[in-house]
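Dear colleague,

Please find below the structure that I am handing over to you, together with its sequence.

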Amino acid sequence: MPKSTSYHEKLIQDLKNPLEAAAYIEVVLEEGDPKMLSKALKNVIEAHGGIDQLSAQVKELYNKLDQMLSEKGEIEFYSLNSLLDVLGLHLAVKVKL
């Protein structure tokens, strides 16, 4: 009997694709739940090799964002933009349909 892949393992594998990671973050941002955004960022970072693969400056930025999300439920836009840039992603504005 073949071994099944866990949901998390499949998600991390999928998030290695930049298009998948971008769509994932976009959906989470639309939901507007800070806890979901925190978890989504952790998942994308894991897909990129984990937090240990990031520079000290980026780790500090991520930790700051994570703390802001858990304490205030909001983050500084430019901090999020900087972290997404390191992950090969960026924020975009589109027409709401």
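I begin with K10, which has a relative accessibility of 45% and therefore counts as partly exposed; the classes used here are buried for under 20% relative accessible area, exposed for over 50% and partly exposed in between, with a 1.4 Å probe and protein chains only. Please note that this is a predicted model, in which local features need pLDDT of at least 70 and side-chain atom pairs count only at pLDDT 80 or more, while totals for chains, interfaces and linings use all residues. Residues are numbered from 1 along each chain as its sequence is written, and side-chain values use heavy atoms, with hydrogens and water left out.

Salt bridges

The structure holds 2 salt bridges, the term meaning a side-chain nitrogen of Lys or Arg within 4 Å of a carboxyl oxygen of Asp or Glu. K10 pairs with D14 in one of them, with 2.8 Å between the closest N and O atoms. Both residues belong to helix α1 (residues 7-14), where they are 4 residues apart, about one turn of the helix. Helices are DSSP runs (H or I, at least four residues), numbered from the N terminus. D14 is likewise partly exposed, its relative accessibility being 28%. A salt bridge also joins K59 to D52, at 3.9 Å from N to O. Here K59 is partly exposed at 27% relative accessibility, whereas D52, at 63%, is exposed.

Helices α2 and α3

Two packed helices are described by the angle between their axes and the distance between the axes. The axes are lines fitted to C-alpha atoms, for helices over the stretch in contact, and the angles run from 0 to 180 degrees between N-to-C directions. Helix α2 (residues 18-31) packs against helix α3 (residues 34-47) at about 170°, the axes being 9 Å apart. This makes α2 roughly antiparallel to α3, a label for angles over 145 degrees; those under 35 are roughly parallel, 65 to 115 roughly perpendicular and the rest oblique. From α2, the residues A21, Y24, I25, V28, L29 and E31 meet M36, L37, A40, L41, N43 and V44 of α3, contact meaning heavy atoms within 4.5 Å. By class, 10 nonpolar, 1 polar and 1 charged residues make up this contact of α2 with α3. Ala, Val, Leu, Ile, Met, Phe, Trp, Tyr, Cys and Pro count as nonpolar, Asp, Glu, Lys and Arg as charged, and the others, Gly among them, as polar.

N43, in helix α3, is buried, with a relative accessible area of 3%. Neighbours within four places in sequence aside, N43 is in contact with H8, L11, I12, L15 and Y24.

Helices α4 and α5

The axes of helix α4 (residues 56-71) and helix α5 (residues 77-86) come within 10 Å and cross at roughly 135°. The two helices are therefore oblique to each other. In their contact, V58, L61, Y62, K64 and L65 of α4 meet S79, L80, S82, L83 and V86 of α5. By class, this contact of α4 with α5 has 7 nonpolar, 2 polar and 1 charged residues.

S79, a residue of α5, has a relative accessible area of 4% and is thus buried. Apart from neighbours within four places in sequence, S79 is in contact with L61, K64 and L65. N63, also found in helix α4, is partly exposed at 44% relative accessibility.

With kind regards
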